[in-house]
Amino acid sequence: MDANELRGKTPDQLREELANLKKESFNLRFQQATGSMENTARMRTVKRDAARVLTILNEKAADAAKTEA
């Protein structure tokens with residue numbers, strides 16, 4: 001997931017993407033606990049993608065607050 005791609009999305013789309021990433025993260029943790037995980041590197045990418053989405057959401061909120069003031 002590219003940061004430039006995320007910047008083009010609306011905050012609602014970003015929140016939806018974040019919810020999907022958190023669900024996937026939960027499923028991956030569950031797979032790891034049961035020993036059925038195939039791609040362990042996917043956990044790292046999902047965690048980083050979620051952090052990237054949160055960063056973009058915070059940037060958008062800061063820009064919105066700056067333009068209102």
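Hi everyone! Of the 69 residues in this protein chain, 19% count as buried, where buried means under 20% relative accessible area with a 1.4 Å probe, protein chains only. What you see is a predicted model, in which local features need pLDDT of at least 70, side-chain atom pairs count only at pLDDT 80 or more, and totals for chains, interfaces and linings use all residues. Residues are numbered from 1 along each chain as its sequence is written, and side-chain values use heavy atoms, with hydrogens and water left out.

Now the overall layout. The chain holds three helices and zero strands; both are DSSP runs, numbered from the N terminus, with helices being H or I of at least four residues and strands E of at least two. The radius of gyration, taken over C-alpha atoms, is 15 Å, well over the 11 Å from the globule rule for 69 residues, so the chain is more spread out than a compact globule. That rule is 2.2 Å times the number of residues to the power 0.38. Along its principal axes, the C-alpha trace spans about 50 × 15 × 15 Å.

Let's look at helix 2. It covers residues 11–34, and its 24 residues reach 35 Å from first C-alpha to last, close to the expected 34 Å, which is 1.5 Å times one less than the number of residues. Which residues of helix 2 are buried? They are Leu-14, Glu-17, Leu-18, Leu-21 and Leu-28, and they pack against helix 1 (3–7) and helix 3 (41–68). After helix 2 comes Gly-35, with a positive phi near 80 degrees.

Technical notes:
Buried < 20%, exposed > 50% of the residue type's maximum accessible area, 1.4 Å probe, protein only. Contact = heavy atoms within 4.5 Å.
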